[in-house]
Amino acid sequence: MTAASPDALDPRKAALDALTRLTDAPAAGVWSSPGRVNLIGEHTDYNDGFVLPLAIPHRTVAAVAPNSENVLRVTSTFADAPVSVALADLEGLFPQARESITEWARYPLGVAWALQAAAPDAAAAHAAGLDIAIASNVPVGAGLSSSAAIEGAVAVALNDLWQLGLDRPALARAGRRAENEAVGAPTGIMDQMASILGAADAAILLDCRSLEVETVDLGFDAAGLTLLVMDTRVQHSHASGGYGERRASCEAGAAALGVTSLRDLDINDLDRAERELDDVTFRRVRHVVTENQRVLDTVRMLRSNGPRSIGDLLLASHASMRDDFEISVPELDAAVDAAVEAGAIGARMTGGGFGGAAIALVDRDRIAEVTDAVTRTFVERGFAAPTIFPVTAADGARRES
Ligand code: GLA
């Protein structure tokens, strides 16, 4: 059984150690930003819809020291060599020259590039050379937004050090721009908003059209419930393949139905959508329209009836992603089914799909039973062992010291 939490690494210490290997200068500060799980609302963000994510305790830390060479030098515990770019060259780097930068470094350097563009006057006045060391205990490729955690940590650090004066939604927008244009993944803004704006013991209801955020108390602990992450360890990447295809189908569906985005449709529009669209596009649209409704229903149920009442909504969300949006994989379906059979209140895949993690809402005294059942199912089905661990809702991006 693999039930260990992947947070054995102390990212703060690891980042400070990595900074020491990079420079003799003392750290000017340490900043961090968390990974996230999405409770519900999948592939709705780039359709201007609703999402309900929470930040998790796993964090990415950036320790930063000034340098007098007018370069940005980044290093991380998941790469061998530091990457350097002259500040003067940053503007011309993305998107056109992104291939010249090693992949992991596109995230921090992409954020620096996007921040400069978001606050050009402040950047011109204050942007100075920096050495940035990054370390993380957010599992990579698990659908827990390790990339948004890097973007968030670097964004809050540079916002402080370069005195950019950007608010948190603007930092999230810069993170998404880095992801879209520096990395080339056509994602929405959920992950960056969740990482930067997360709140302890709460999920955030985000309207991805207005970027308005409401905090929604989860009350899991008081109800004797735990949220389990079941990382299938099936790796995925949103820079290629299915994610972009789904996004294109949603845009095609909205255009064919004469709306700006699928946010502008509701359940009552689905009959017309079925008549006017081909079967695949219709099912993509139906997922997004019903998922937006499920997010709003989940918030209403959490507030009126408490967390034990949201199980069916989580299950309906998973079924919609499996059957209509077709972004699940056998390992995710097996994890969800086994968790529910072993008594989970609800479960669903979380994140962009094609691999990564599922979540299960479980009675505290059933954690071992659910963990064993999922692990046993994976053995029986010949899948690699999953990593299963509990998460609580944690604070978003912050300065650590
Ligand atoms: C990934 C993307 C997000 C969002 C989810 C699906 O996590 O980064 O923007 O689209 O997939 O909900």
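Tutor: Domain bounds here come from an automatic or database domain assignment. The model is a predicted one.

Student: Which domains does the domain assignment of the chain give?
Tutor: Domain 1 has two stretches in its bounds, 6–215 + 395–399. Domain 2 has one, 218–391.

Student: How many residues of domain 1 are in contact with domain 2?
Tutor: The C-alpha centres of domain 1 and domain 2 lie 26 Å apart. Contact is counted between heavy atoms within 4.5 Å. On the domain 2 side, 48 residues take part. On the domain 1 side, the number is 41.

Student: Where does the ligand lie relative to domain 1 and domain 2?
Tutor: The ligand sits in the largest pocket. Domain 1 and domain 2 both give residues to the shell around the ligand, so the ligand lies between them.

Student: How many residues of the shell around the ligand are charged?
Tutor: The ligand is surrounded by 13 residues. Glu 42, His 43, Asp 45, Asp 191 and Tyr 243 are the closest. The shell divides into three nonpolar and six polar residues, and the charged ones number four.

Student: What share of the area that the ligand exposes alone does the protein bury?
Tutor: An oxygen atom of the ligand is 2.5 Å from a side-chain N or O atom of Asp 45. For a side-chain N or O atom of Asp 191, the distance to a ligand oxygen is 2.6 Å. Taken alone, the ligand exposes 300 Å², and the share buried by the protein is 97%.

Terms used:
Residues are numbered from 1 along each chain as its sequence is written. This is a predicted model: local features need pLDDT of at least 70, side-chain atom pairs count only at pLDDT 80 or more; totals for chains, interfaces and linings use all residues. Side-chain values use heavy atoms; hydrogens and water are left out. A residue is near a molecule or strand if one of its heavy atoms lies within 4 Å of it. A polar contact is a pair of N or O atoms within 3.5 Å; within protein, one must be able to donate a hydrogen and the other to accept it, and residues adjacent in sequence count only if both atoms are side-chain atoms. Accessible areas come from the Shrake-Rupley method with a 1.4 Å probe; for residues, only the protein chains shown count as cover. On a 1 Å grid over the protein atoms alone, a cavity is a set of points where a 1.4 Å probe fits but cannot get out, and a pocket is an open set with protein on both sides within 12 Å along at least five of seven lines; lining residues have an atom within 4 Å of a point. A molecule sits in a cavity or pocket if more than half of its atoms lie within 2 Å of its grid points. Ala, Val, Leu, Ile, Met, Phe, Trp, Tyr, Cys and Pro count as nonpolar, Asp, Glu, Lys and Arg as charged, and the others, Gly among them, as polar.
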